[in-house]
Amino acid sequence: MKKGYWIAAALTLAFVGFGLTAFQKTLTPYLSFDEAKKARGVVQVMGALDKQSDRYDATREELSFDLIDDKGGRMPVAYKGIKPANFKDAISIVAIGRVHEGRIEAEKLLVKCPSKYQGAEVEKAYASQPASKS
Amino acid sequence: MYFWPGVAAIWGALLAGLAGVAVYVRVDRGRKDLLPLARTLYAAYATCVVAASAMLMTLLLQHRFDVSYVNSYSSAELPLHFLISTFWAGQEGSFLLWCFWGSLIGLFVWRSAKEQEAPVMVAYLATFLGLIAILCRQSPFKLLPPPAPADGVGLNPLLQDPWMVIHPPVMFIGFASLSVPFSFAIAALWKKRWDGWIVRALPWALLTFLTLGTAILMGGYWAYKTLGWGGYWGWDPVENTSLVPWLFTAALVHGMFLQRVRKRHRKINLILACTAYAAILYGTFLTRSGVLADFSVHSFIDLGITGWLVAILGTFIGLSIVMLAWRWRSIPVVEEEESPLLSRSVLFILGIAVFCALATVILLGTSAPILTRLSGTPSQVQTSFYAKTTTPAGFLLVFLASLVPFVSWKGDRFNEFLKSARRSLIVAAILTLVAVGFGARKPGTLVLLFTAFFAADMNLRAVLRKTKNAKLGGAGGYLAHVGVGIMLAGVVISGAYAKSQRVTLPVNVPKKAGGATLTFLRVVPGTAERKQAMEIKVDTARGKSFYAYPKMYENSRTGQLMANPSIASSPITDLYIAPQQYDPGQPETVGRDVRLTKGTTTNIEGVGFTFRDFNADRSAMMRGEKTVLVLTDLTITPADGVNRDVTIKYVFHMDGREAEAEEVDIPGVPRAKARVLAVSPNDGAVVLRLRGVSKDPGMEYQAATVESLSVDVTRKPLISLVWGGFYVMMAGGILAFVKRSKEARKAVLDIAKEESARGGAPVPATGPALPAHTRSRLE
């Protein structure tokens, strides 16, 4: 029986170790605009929509807009996909993706809209590709 | 201001519960005469909790909108079943629901605990008193300051779904019943009764396995059918925090069964019972405290109970660790001969280890925002983290489950095992070849499929073997494993071979997508019973055609755009059409629209626009003339800083004809023009369309669009196996639950008999507390 325990312990440790590496690899940090512009890899930034800045090309399904943070910083966002519903009403938008030349190419947008329902889903996720969830 | 009877009931529950704990402690110290009082106090506690729940339900049904909770979550027009479900739409109500089930389950626990009644009930009551304390502080019976609103805010439209009506109650049965194994484990540590608790706590662990599992599936089905994600699982924190306790419960169920049969491995179950309960508390903390607010598609509101939740979590984790450390050396370890690797004992240990490792890794991913916050930069893991880690763990679990049926506890030779497995290996190989025939190619997928088929067939044969011996009742575990195998096959096939495509369908133009031809025909307007839907004609490759009606509508209360997919299901494949965007179409426009309110100055590209006033011919309006002239007075301040007054004419026709708008030059800006697009005298606002103001002409141009609907079309092959496999797994769980409940009842009766034989004295607190018959037979 001892043998069984040892294998179980080794298996668990190996798996949790594997989990930890995967964890570090897929971690996407929440960064300020300045940090994000210097960062490599996938990051996420949050800000308010500059309502004068958004452009949407319906035929190519390309959306671009600027996010503004509370310090007045500006982060241009490019997103390939259908313009999220209620986009203009967003209180805040989270963009997740990689930064190229000072512009974040978002793979995913989280659009937070005002809701008067308590505990309601006021945030909705939009993926640049058709949602590939198992 | 409070609704006093409700508050009194909750405080009554707190006081009766605390008194119950105190009296049960004295009973345990030898005051047997106080036992009736302790039971009365528990009954009083349960009565108070049930009364508080009944009062909240009554307030909801009576539309007492002066009660803050009723006002926040319900409204007068909700049909009865949704109105009932508003009970658990908010945090306070769901905590109350949790306690409600707990108070009912406790009535069974106290009867079955017998000689352990005092220690078990002390721990059991303690698990709920923290929640009751939260309800005292954050009462669902708070009143709004008068006057009472005429109607409530209403129920979140996403929750207005039959699945969401039953999902929370089922889930909270699972939460509440997990308090039972935890309390028995604490009592076992306290009283050093290492084996007797298993037989009586196992049915409750199985109940959690069943109810929490069902709740998770209902949540997944709701996400698939209503949210239009295209999937049933999104690795959202809310989903994970119910999955993790469920995995620990699955580990606990296996561990308890192992201890029942082998009389060994006591430490495992003591640890697992504490861990599973801690996982539920931790999940509650994660989802209710607001710590994940920026990281989840669900939003959480901090009600100011975070400190309380942390305190409860810390108390129970600390208590578990202290109790385990205190008794660790005195837990008897049975030395035994070395079992070979291929023995059921080793397989069980390995399985439990994988369950725990998997749960820990999911918990790690879910906790990422908290863990990384400690190091400074709050971060989140991508969903690929979960796919990467759960796949090998899922494979291992199903592989282990495939070995179990034809391996004995003591172990077998590999050759003998191979002989009994041969038939299933052939079946699995054939089924995998069929999958290859349908186009499955990826080696990883094929390995997973082979294992899933092998596990399903091995366990199916074990079920049939049991049935032949008329012992179907004991086949619960095998049947559950059959279901797990089927489910894994469904998850793999529907995940790996799903084809998803986003298409924009211009009205009346057929387009190919997902192996069918789709034609968007029209918008079907909503009625009182039916939401607005999009009519799409679907012509399949086989020449069949039907109409799909994905819903897309604006919520009348919030203006939020809601979209529900349409799913055409068959046992073979689901055609999933999720609407993304509807464009009513518009002609080509040139210009930039600006809304101005009276008296304010708006700066556009260096030009100031001040809207001074309207000048409408009100007398013409009063006379009921069909045409109204509106003059809009503006002050325009170009870059040179000189104010210029401009008046623009706008002729509005009451009979629906298009308005006539004069286009004027914008002074000081060459080639720039302005006209009135719309007026709203009630708001004191005007909308101007400006041309030539922007330096970049592209910014003012919007091409014409035709009416169109964008949809995600997904073909999900054999997703029916996911649901089907789940039902089989749950059927196995129910068989096991029935069998173990019978055993538990028998054990309780035996203890009662033994007690009366001793003249009412309880069996001594040490020594073998396990009646002979509960030693389970080997097959």
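Figure 1. The open sheet is formed by five strands of chain B in the order 13-14-15-16-17, with antiparallel pairing. Strand 13 (601-604) and strand 17 (660-661) of chain B each have a single partner strand and stand at the edges, so one side of each is left without a neighbour in the sheet. Residues are numbered from 1 along each chain as its sequence is written, while chains are lettered from A and ligands numbered from 1 in the order in which they are written. Because the model is predicted, local features need pLDDT of at least 70 and side-chain atom pairs count only at pLDDT 80 or more, whereas totals for chains, interfaces and linings use all residues.

Figure 2. B:Leu575 lies in strand 10 (residues 573-583) of chain B and is buried, with 22 other C-beta atoms within 10 Å; a residue counts as buried if 20 or more other C-beta atoms, placed from the backbone, lie within 10 Å of its own, as exposed if 12 or fewer do, and as partly exposed in between. When neighbours within four places in sequence are left aside, B:Leu575 is in contact with B:Gly514, B:Ala516, B:Ala568 and B:Arg715, contact meaning that the C-beta atoms of two residues, placed from the backbone, lie within 7 Å. The C-alpha atom of B:Leu575 is separated by 9.2 Å from that of B:Gly515, although these two residues are 60 residues apart along the chain.

**Figure 3. Helix 1 of chain A and the elements that cover its buried residues.** Helix 1 (residues 2-26) of chain A has 25 residues and reaches 36 Å from its first C-alpha to its last, close to the 36 Å expected at 1.5 Å a residue; the expected span is 1.5 Å times one less than the number of residues. Among the buried residues of this helix are A:Gly4, A:Phe15 and A:Phe23. The cover over the buried residues of helix 1 of chain A includes strand 1 (27-29) of chain A, and also helix 13 (344-366), strand 1 (379-381) and helix 15 (384-403) of chain B.

**Figure 4. The largest nonpolar core and a second, separate one.** A nonpolar core is a set of buried Ala, Val, Leu, Ile, Met, Phe, Trp, Tyr and Cys residues joined through C-beta atoms within 7 Å. The largest has 202 residues, and those that touch the most other members include B:Met121, B:Phe248 and B:Ala452. Helix 9 (residues 196-227) of chain B gives the most to this core, with 18 residues. A second, separate core of 24 residues includes A:Tyr30, A:Phe33, A:Leu63 and A:Phe65.

**Figure 5. Where domain 1 of chain B touches domain 2 of chain B.** Domain 1 (1-160) and domain 2 (164-335 + 344-381) are among the domains assigned in chain B, with bounds that come from an automatic or database domain assignment. Between them, 25 residues of domain 1 of chain B are in contact with 27 residues of domain 2 of chain B. Helix 5 of chain B supplies nine residues, the largest share of the side of domain 1 of chain B that touches domain 2 of chain B.

Terms used
Helix = DSSP H or I, 4+ residues; strand = E, 2+ residues; numbered from the N terminus. Pairing = 2+ DSSP bridges.
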